[in-house]
Amino acid sequence: MQQGRTTISKFLIEQLRGSEDQSDLAALLIDVTAAVKAIASMTAKGALGGFLGSLGTENVQGETQKKLDVLSNDAMIQACEWGGLVAGMASEEMDDPYMLAKEFERGPYLLVFDPLDGSSNIDVNVSVGTIFSVLRHGKIGDPTVADYLRPGVEQVAAGYAIYGPSTMMVLTVGKGTHGFTLDREIGNFILTHPDLQIPADTAEYAINSSNERFWEPPVQRYVAECKAGKTGDRGRDFNTRWIASMVADVHRILMRGGIFMYPKDAKDPSKPGRLRLMYEANPIAFIIEQAGGAASTGRGRILTVQPTSLHQRVPVMLGSRNEIERLERYHREYDSGEDKPFASPLFKDRSLYSDDLRA
Ligand code: AHG
Ligand code: MN
Ligand code: MN
């Protein structure tokens, strides 16, 4: 190893020394890095590995599973079930929580993950990722589904891996957000991005604009103002990016600021958003907040949402703090009736007319 470099194991052992979680949590996160290295190796082989394409099966959300979705899920289970560190695991690709094999000791944590995020990008060689969240089990024995349904504020660790031109892991144990880059020659993650900080202001936003007609008015208002740029209320130009891998969009935001939105939309009224609370929104919200950013549903902090089911969806808006606060204000103004489309300055001043119109 080159002198002066901090490996992920050394970093975690030092960060957790003296804490309640100490070596157990460090050991679990090191097991997660083993799965991430296996997934990095499969994604990097591309067509040569025979891993591309679909399996022809569907997950619990009715999405077609890619071969790599399932292989990545298996890699996480294999790397994390044997060590006596987890009591159970749940993931996007499994309808019900995974029950550990009988021979393995049950540990103090629950591991929840999205084994491959952005998997529609696998076949086109665009960055994908793995997202994970660690909760305390706090009981003896195998967990029930209800044991997993803890709000994001109770996470003891969260992170993601991004399989891009380089493979990186970004994680938090509640003491800042830190980034590590995989040195493939020595097979280890090295601390390269300590204490990431998201700038409070930005001129870059990410949203899938093809859904615009289904968004709620406060999101339409925000995006319309960004698009109006210098000539509109914001008085400056904005830029858009959309990778369709949340991990890749979030990684850009951690590197240079910006916001990411997957709001609630009316396309399928039974779904309050696209992204899943427990293994997408919560871990990413923890990372974003630990880097000085904000993560909201538009109407409240993501991390305080009480989950009611394992695969539940949630609206997501996260990144540079001042822009997320603005989005929350637009939601408040909309909910209180202050920003109805006809609430022009004229009507605002003449409450007689505006009250009539709002009735
Ligand atoms: P997954 O591949 O785990 O199902 O997640 C994909 C998610 C997220 O990563 C991304 O931001 C979003 O879905 C893309 O949605 P669109 O297809 O609407 O662009
Ligand atoms: Mn995902
Ligand atoms: Mn996925």
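Ser119 places a backbone N or O atom 2.9 Å from an oxygen atom of ligand 1, a polar contact (a pair of N or O atoms within 3.5 Å). The table lists this pair with two others.

| Residue | Protein atom | Distance to an oxygen atom of ligand 1 |
|---|---|---|
| Gly118 | polar backbone atom | 2.8 Å |
| Ser119 | backbone N or O atom | 2.9 Å |
| Arg274 | side-chain N or O atom | 3.3 Å |

The protein covers 87% of the 470 Å² of accessible area that ligand 1 has on its own (Shrake-Rupley method, 1.4 Å probe).

The model is predicted: local features need pLDDT of at least 70 and side-chain atom pairs pLDDT 80 or more, while totals for chains, interfaces and linings use all residues. Residues are numbered from 1 along each chain as written, chains are lettered from A and ligands numbered from 1 in written order, and side-chain values use heavy atoms, without hydrogens and water.

Around ligand 1 there are 18 residues, of which Asp117, Gly118, Ser119, Met246 and Tyr262 come nearest; a residue is near if one of its heavy atoms lies within 4 Å. This shell comprises seven nonpolar, four polar and seven charged residues, with Gly counted as polar. Strand E4 gives the most, with three residues. Domain 1 (8–193) and domain 2 (204–344) each supply at least three residues, the bounds coming from an automatic or database domain assignment.

Methods. Polar contact = N/O pair within 3.5 Å; in protein donor to acceptor, adjacent residues only side chain to side chain. Helix = DSSP H or I, 4+ residues; strand = E, 2+ residues; numbered from the N terminus.
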